[in-house]
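Hi,

Here is the model I promised to pass on.

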Amino acid sequence: MARRIRLGIVGAGIAGLTLARAMADCADVRIFEKSRGVGGRMATRRTDAVTFDHGAQYFTIRDGRFRAALETAQADRVIEPWTGALATLPDGNLAALSGGDTTRYVGSPSMNALAKAMAAGLDIQTDAPVEAISGTAGKWFLKIGDRREGPFDWLVLAAPAPQSALLLPDEFTHHGALAKTRMNACFTLMIRQTEDAKLPFAAARVDDPVIGWISRNNSKPERPDDPCLVVNATAKWSDDHLEEPLEDVRRTMLEALQRYIPISPSEAEAANIHRWRYANVDQPAGQAFLLDDVSQLAACGDWCIAGRVEAAFLSAAALGGALKQIVKVAP
Ligand SMILES: Cc1cc2nc3c(=O)[nH]c(=O)nc-3n(C[C@H](O)[C@H](O)[C@H](O)COP(=O)(O)OP(=O)(O)OC[C@H]3O[C@@H](n4cnc5c(N)ncnc54)[C@H](O)[C@@H]3O)c2cc1C
């Protein structure tokens, strides 16, 4: 019988968690995550009374494998459909947000709830930013602050492509594919409204040069009732203004938002901004995952396929399948 391999995973987003769960029966898996919590871009920001899903807004389930993997989460209401109206602005047309093939799901009571449920029972170190990788096939080490973790037989990078590319040693044979991948930035504005503006939609796509999306976070299931908005800048505008001071970005996005929704001076004053350097996928790797069985290094994530939660799951699930085949025949 093959011995259990020691597998290190960098990143506890949906991809890293999916892979860890897939490998748990044949590997000793440890995950290292730089943030305080799990979920990556399936993120939730908490303030005193409200929460904001400031990363992924929702996700769809189109593939049977994703659907099957989410059965328990759905039964436990860790994920729920997000209903209401989807507007297009400025013309104001309304359509159903969810329905048929395009049911839009969210974590419940917050977007990171699914990741939290998936993380149960896994060996995860948070607040653990991996700064460097050293070693050789079968004996990889991670540098995290002044400590060294390892050895690992296999290492998998489940971080956004540019961050994975920086960490992966030269021996990794797929640096070319990583370099071709392009990701977009996104600025996200979070506004707690002091009065309910009685907006006729749960979310809106906006045809504007600065902002592209508005959602009423409190329209999602199990969120606090207090009205609050999440506003995303367009990918192009975000890329073009990536290095601008956050205060300037915040001001420009607020000005743009006020073309569609009245925002009071006190609401504007308290609005928060978040910069996602790597938010969505402009040019995917075009392969479900990148695996090098000589160096025993691999990478997965949404950027392999498309900038969607489901794609991150499918990439990691496919890598898990391939890795298991290799591990099964290893001495
Ligand atoms: C603003 C925004 C809106 C979006 N809207 C949608 C949407 O509506 N629908 C949809 O399907 N998708 C949406 N997405 C995309 C979706 O969030 C992603 O496709 C998905 O969450 C990616 O999962 P992942 O596991 O591949 O990567 P991530 O979630 O990015 O996880 C990678 C993890 O690696 C960690 N990490 C990185 N570097 C290191 C390091 N050196 N050491 C340790 N840990 C590290 C990160 O902290 C992160 O937790 C959106 C994303 C953003 C940002």
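A polar contact here is a pair of N or O atoms within 3.5 Å; within protein, one must be able to donate a hydrogen and the other to accept it, and residues adjacent in sequence count only if both atoms are side-chain atoms. Before the findings, some housekeeping: this is a predicted model, where local features need pLDDT of at least 70, side-chain atom pairs count only at pLDDT 80 or more, and totals for chains, interfaces and linings use all residues. Numbering runs from 1 along each chain as its sequence is written, and side-chain values use heavy atoms, with hydrogens and water left out.

Now the ligand. One of its oxygen atoms sits 3.1 Å from a polar backbone atom of Ile 14, and a ligand nitrogen is 2.7 Å from a polar backbone atom of Tyr 58. For Ser 35 the side chain is involved: an N or O atom there is 3.4 Å from a ligand oxygen. The protein covers 93% of the 1,000 Å² of accessible area that the ligand has on its own (Shrake-Rupley, 1.4 Å probe; for residues, only the protein chains shown count as cover).

The shell around the ligand holds 40 residues, with Ala 15, Glu 33, Arg 41, Tyr 58 and Asp 302 the closest (a residue is near if one of its heavy atoms lies within 4 Å). Strand 18 gives the largest share, 3 residues (helices are DSSP runs of H or I, at least four residues, and strands are E, at least two, numbered from the N terminus). Domain 1 (1-34 + 128-181 + 285-331) and domain 2 (43-112 + 182-283) both give residues to this shell, so the ligand lies between them. Those domain bounds come from an automatic or database domain assignment.

Most residues other than glycine have a negative phi, and most peptide bonds are trans. The bond from Ser 108 to Pro 109 is cis, with omega near 10 degrees, and Pro 109 is in the loop between strand 8 (105-107) and helix 4. Gly 150 and Pro 151 are also joined by a cis peptide bond, omega about 0 degrees; Pro 151 belongs to strand 12 (residues 147-152). Asp 127 has a positive phi, near 50 degrees, in the loop between strand 9 (124-125) and strand 10 (132-136). Glu 222 has a positive phi as well, near 65 degrees, and is found in the loop between strand 16 (211-216) and strand 17 (228-233).

Cheers
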